Amino acid sequence: QVQLVESGGGLVQAGNSLRLTCAASGRTVSDYDMAWFRQAPGKERDFVARINWSNGGTYYADSVNGRFTISRDNAKNTVYLQMNSLKPEDTAVYYCAVARRTYTASIDYAAPASFGSWGQGTQVTVSS
């Protein structure tokens, strides 16, 4: 079983940046895609970004494309989310997650159900 711990959230003004960190422990995650999701109050958990663990390919939601960057450090079993040009609508709890199975083209990786391990979340609040 893998444990995920997110950190780096906080309160920032619009236009500023934050860097989220997700540290995995318990087992290596090197064979699995990892992703960031976010959930605002009263809303569903939405896909933000994903990284393919083997080749480093990255994928983003349209709402964050060009502003957010997902990256990983295999040696540290860690994934990051660099968030620039933050907007008030980015306010949410941000969660990292590990895919349930190794990469398969038919899997919908934008769906939370495709991920089997989740962190506890870190709050990001962007003021206007």
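Select Asp 90 and Arg 38. They form a salt bridge, with the closest N and O atoms 2.9 Å apart. The term means a side-chain nitrogen of Lys or Arg within 4 Å of a carboxyl oxygen of Asp or Glu. Asp 90 sits in the loop between strand S8 (78-83) and strand S9 (92-99), and Arg 38 in strand S4, so the pair ties together parts 52 residues apart in sequence. Strands are DSSP runs (E, at least two residues), numbered from the N terminus. Both Asp 90 and Arg 38 are buried, that is, under 20% relative accessible area with a 1.4 Å probe, protein chains only.

This is a predicted model: local features need pLDDT of at least 70 and side-chain atom pairs count only at pLDDT 80 or more, while totals for chains, interfaces and linings use all residues. Residues are numbered from 1 along each chain as its sequence is written, and side-chain values use heavy atoms, with hydrogens and water left out.

Arg 67 is buried at 11% relative accessible area; Asp 90 is buried at 0%. Shared partners join Arg 38, Arg 67 and Asp 90 into one salt-bridge network.

Next, select Asp 33. Which residue does Asp 33 form a salt bridge with? The partner is Arg 50, with the closest N and O atoms 2.3 Å apart. Asp 33 lies in the loop between strand S3 (18-25) and strand S4 (34-39), and Arg 50 in strand S5 (residues 45-51), so the pair ties together parts 17 residues apart in sequence. Asp 33 and Arg 50 are buried. The count of salt bridges comes to three.

Stay on Arg 50 and show Tyr 59. Arg 50 lies over the face of Tyr 59, at 4.0 Å from the ring centre. The rule asks for NZ of Lys or CZ of Arg within 6 Å of the ring centre and within 35 degrees of the ring normal. Arg 45 lies over the face of Trp 118, at 4.8 Å from the ring centre.

Finish on the rings. Phe 37, Phe 47, Tyr 95, Tyr 103, Tyr 109, Phe 115 and Trp 118 form one aromatic cluster. The structure holds seven aromatic pairs, counted when ring centres of Phe, Tyr or Trp (its six-membered ring) lie within 6.5 Å; planes under 30 degrees apart are stacked, over 60 edge-to-face, the rest tilted. Zoom in on Phe 37 and Phe 47: their ring centres are 5.8 Å apart and their planes at 75°, so the pair is edge-to-face. Both Phe 37 and Phe 47 are buried.

Key: Helix = DSSP H or I, 4+ residues; strand = E, 2+ residues; numbered from the N terminus. Buried < 20%, exposed > 50% of the residue type's maximum accessible area, 1.4 Å probe, protein only.
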